[in-house]
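Please examine the sequence and the structure shown here before reading on.

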Amino acid sequence: MKMSQLWRKKARKSKQWLSQEKAAISSIPLQPLHTSLEKNVQDITEQLGQNTDFTSHHLICAGRRVALFFFQSLVDIQHLSEYVILPLQERWDKDASEKGLLLSEEKAKHELLQIIQRQIVATTETQRIMDWQAAIQQMLDGKALLIVDGEATGLAVGVERVEKRNIANPDTEQSVIGPKESFIEDLDTNITLIRQRLRDPKLTIEVINITKRGKHKVCIFYLEDVANPSIIEEVKRRLFAIDTDIIQGQMHLQELIEDNSFSLFPELRPTERPDVVCSYLLEGNVVVMTGNSSHALILPITFFQLLDTVDDYYSSWQYATLIRFVRMLALLFSIVIPGLYLSLTAFNPELIPTRLVISMDAARTKVALPILMEIFVMEIMIEILREAGVKLPKPIGQAVSIIGGLVIGEAAVNANLVSPVTIVIIALTTISSFTAPVYLLGITYRILRFFVLFCSSILGLYGLILGLFFIHAHTARLVSFGVPYLAPLSPLRIADWKDTLVRFPFKKLTKRPSFLNPLQRSKSKPLPMISRKQHKKENKR
């Protein structure tokens, strides 16, 4: 009972900065359109006339003046000419005379915009516009604004140019036998990828506009009959509370809505795979996706869920369990090994076997640098090589990372700058850090490695243990949208361990995680099993 009260108190404290929501204020004045075409042209020219790609087109339709306004860099010119301009100029009189749709002067005066929307440009997406704020926003979204002289209503015509790359293989979450699809920077395509995999009528997709400049689109995914309503409302509240000019990507959005932005541990999980998104939606999580990012954000998330990989669910449960233990052990090695090696050699050499101590001392007899400087210099060198490999073109980057590490390591040993044992320790640590399933979690472990090394250099084994204790205490205080970060380990929920440290067979995974408080706890029924005795009795019958 005390633990639950502590988590609720921490959750309330982490949300104090969101106590007052701020509405996004647009710089575009909220003014209605005029009935005079000249006045409308004057107003829109004052707003957008300084842009070189802003274009206007004037024509006559049914004896009345019509004006088109659009950004040439955002619209598909061929689509605009074929489905909007040509029908207005040429096809109107011909089609109307053949079908007996010639308008009288009185009818054309009041119904021309309605006729244009229903009959002339009916093949494209249209929307009625009443004010300049909505009109300019629609134009910035790639639509053309059509205004008829004598009417105080405009028509936004969908002729936007769509520039997007093809669906490719995932870069950071590769799978051996799983699907080979990943998200792209187009929100509609990403929604399609999710809909194709999760054809559920209860899958709710809400698109909201945030930020003051550009009205950035953010999409919220959740299963209406599964996800916890309190989590959904909290996600919406934090999104609407965002008061910034623009969002550059998913990492920008993540830092704006997570509970503790100063923590090294990621409190939301980014993913580029549609199958991962669908699996978490079925568990009761909520997914947030921005319009210009190829990654989705899964929330709330726990530490153990960050350790799951795609192949855990595309392979047998025995192999998945083994790999999970290996992955956890490797991540522990990536933090502890440099600090443990330093503390044993510099503070507690009596804990090392005698033959090993003699061998290590013989290897370090000609090394001038102290052991702390050895480890620190090699760690910094590995980070430089890793960063250079990322920034360079892919073929060159791989060569620099591999050859550079071998050459520099061999040269450092020959120059008696570091010992061979230090090279082995740093190599094992670096390889172990690559096992992190989530890229952001790998960065966290790379930073924590220096923290543990610093603690070990001061107090030896006591500093190592104290540093690990501080890391655990910090993660135990974290919450992700009200969910404890170390659940189901803390608070302890044995029923949720079937898919945490180990992975049980799928027929045993019949319950959703209890720490999410889903509306439907059960996701499947256990299969009816027949014992051997019953099987023998049925055969005798």
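A disulfide is taken here as a pair of cysteine sulfur atoms within 2.5 Å. By that criterion the structure holds 0 disulfides. The model is a predicted one, in which local features need pLDDT of at least 70 and side-chain atom pairs count only at pLDDT 80 or more, while totals for chains, interfaces and linings use all residues. Residues are numbered from 1 along each chain as its sequence is written, and side-chain values use heavy atoms, with hydrogens and water left out.

**Overall make-up**

The chain contains 17 helices and 12 strands; these are DSSP runs numbered from the N terminus, with helices being H or I of at least four residues and strands E of at least two. Of its 541 residues, 45% are buried, where buried means under 20% relative accessible area, exposed over 50% and partly exposed in between, with a 1.4 Å probe and protein chains only. Among contacts (heavy atoms within 4.5 Å) between residues at least 6 apart in sequence, 67% join residues at least 24 apart.

**The second largest pocket**

A pocket is an open set of points on a 1 Å grid over the protein atoms alone, where a 1.4 Å probe fits and protein lies on both sides within 12 Å along at least five of seven lines; lining residues have an atom within 4 Å of a point. The second largest pocket holds about 1,000 Å³ of space. It is lined by 29 residues, of which Asp141, Asp186, Asp188, Lys217 and Gly291 are the closest to its centre. At least two lining residues come from each of helix 5 (132–140), helix 6 (187–197), strand 6 (203–210) and strand 7 (216–223).

Helix 7 spans residues 229–240, and its 12 residues reach 17 Å from the first C-alpha to the last, close to the 16 Å expected at 1.5 Å a residue. That expected span is 1.5 Å times one less than the number of residues. Its buried residues are Ile231, Ile232, Glu234, Val235, Lys236, Arg238 and Leu239. Their cover includes strand 6, strand 7, helix 8 (250–257), strand 9 (286–290) and strand 10 (296–299).

Glutamine 250 lies in helix 8. Leaving aside residues up to four places away in sequence, glutamine 250 touches Pro270, Thr290, Ser293, His295 and Leu297.

**Accessibility of selected residues**

| Residue | Relative accessibility | Class |
|---|---|---|
| Cysteine 219 | 0% | buried |
| Cysteine 278 | 6% | buried |
| Glutamine 250 | 15% | buried |
| Asparagine 416 | 31% | partly exposed |
| Alanine 415 | 48% | partly exposed |

**Loops and backbone geometry**

Alanine 415 is placed in the loop between helix 13 (394–414) and helix 14 (420–433). Its C-alpha is 9.3 Å from that of lysine 366, although the two are 49 residues apart in sequence. Asparagine 416 is found in the loop between helix 13 and helix 14 and, although not a glycine, has a positive phi of about 60°. Asparagine 517 also has a positive phi, near 50°, and lies in the loop between strand 12 and helix 17.

Leucine 299 and proline 300 are joined by a cis peptide bond with omega about -15°; proline 300 lies in the loop between strand 10 and helix 10 (317–346). Another cis peptide bond, with omega about 0°, joins alanine 487 and proline 488. Proline 488 lies in the loop between strand 12 (483–484) and helix 17 (532–540).

Technical notes:
Points joined across faces, edges and corners; volume = space filled by probe spheres on them.
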